[in-house]
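Please open the model in your viewer and keep the sequence panel beside it. The tour below goes from one selection to the next and says what is there at each stop.

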Amino acid sequence: ATTAEAYRIFLRETGVDQKIIEILAGLTDVEDSRQLREISARVRQAIVDAALPQSFDQAIRQAYAELAAKVGENDPFVAVRSSATAEDLPDASFAGQQESYLNVRGADEVVERVKECFASMFTDRAVYYRTKKNYSHTEVALSAVVQMMVFSEASGVMFTVNVVTGDDKNILI
């Protein structure tokens, strides 16, 4: 997993943090879906276009190579998932706002998907939600998690609290 601090360093060292502020200054009405879509797309493109600092890029590649050796495969399939620092707060749930990528294979693709996870901090829905909840776009950070791909037959979600009543004596699967 990359760290939230690595995300912040990437933005700062590439100058993308300032580009994000400049681009978002043009977002005057999040209810204007066209404006929201265009501004968000520009921010995401700025992030994807920036090169990761060499040490960060190499650390991702090395960790992927170590994972490959551990599982005995040359280029194992992995999932690259995003996890934001503000996902499960008492007054807001940011889970599902950012992207995850499945069936990623090869170090080059892993590096690109990590950057795309970072860029997904600025999907239209994430920008809209943060704005509506009065959260800073630049204070929230993101970690990209790289994990072995599980080729499952089924999946699901479990809530340890009743999502309707808040009763923690119920588990909903």
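Throughout this tour, buried means under 20% relative accessible area, exposed means over 50%, and partly exposed means in between, with a 1.4 Å probe and protein chains only. The model is a predicted one, in which local features need pLDDT of at least 70 and side-chain atom pairs count only at pLDDT 80 or more, while totals for chains, interfaces and linings use all residues. Residues are numbered from 1 along each chain as its sequence is written, and side-chain values use heavy atoms, with hydrogens and water left out. Helices (H or I, at least four residues) and strands (E, at least two) are DSSP runs, numbered from the N terminus.

Begin by selecting Asn103, which is placed in strand E4 (residues 100-105). With a relative accessibility of 40%, Asn103 counts as partly exposed, and its phi is positive, at about 60 degrees, although it is not a glycine. For background, most residues other than glycine have a negative phi.

Next, select helix H1 (residues 4-14), where Ala4, Ala6, Tyr7, Phe10 and Leu11 are buried. These residues cover an arc of only 165 degrees around the axis, which puts them on the same side of H1; the arc is that of the directions from the helix axis to the C-beta atoms. Among the elements that cover them are H2, H3, helix H4 (54-71), helix H5 (107-119) and E5, where covering rests on contact, meaning heavy atoms within 4.5 Å. Just after H1, Gly15 has a positive phi of about 80 degrees.

Now show helix H2 (residues 16-24) together with helix H3 (residues 33-49), which pack at an angle of about 170 degrees with their axes 10 Å apart. Axes are lines fitted to C-alpha atoms, for helices over the stretch in contact, and angles run from 0 to 180 degrees between N-to-C directions. H2 and H3 are therefore roughly antiparallel to each other, given that angles under 35 degrees count as roughly parallel, over 145 as roughly antiparallel, 65 to 115 as roughly perpendicular and the rest as oblique. To display the contact, select Val16, Lys19, Ile20, Ile23 and Leu24 on H2, and Ile39, Arg42, Val43, Ala46 and Ile47 on H3.

Move on to H6, whose buried residues are Ala126, Val127 and Arg130. Seen down the axis of H6, these fall within an arc of 95 degrees, so they line one face of the helix, and H3 is included in what covers them.

Which residue, then, makes a side-chain polar contact with Arg130? Select His137, in the loop between helix H6 (124-132) and strand E5 (142-148): its side chain makes that contact with the side chain of Arg130 at 3.0 Å. A polar contact is a pair of N or O atoms within 3.5 Å; within protein, one must be able to donate a hydrogen and the other to accept it, and residues adjacent in sequence count only if both atoms are side-chain atoms. His137 is buried, with a relative accessible area of 16%. In the loop between H6 and E5 you will also find Asn134, which counts as exposed at 71% relative accessibility.

Finish at Gln147 in strand E5, which is partly exposed at 32% relative accessibility. The side chains of Gln147 and Arg81 are joined by a polar contact of 3.3 Å.
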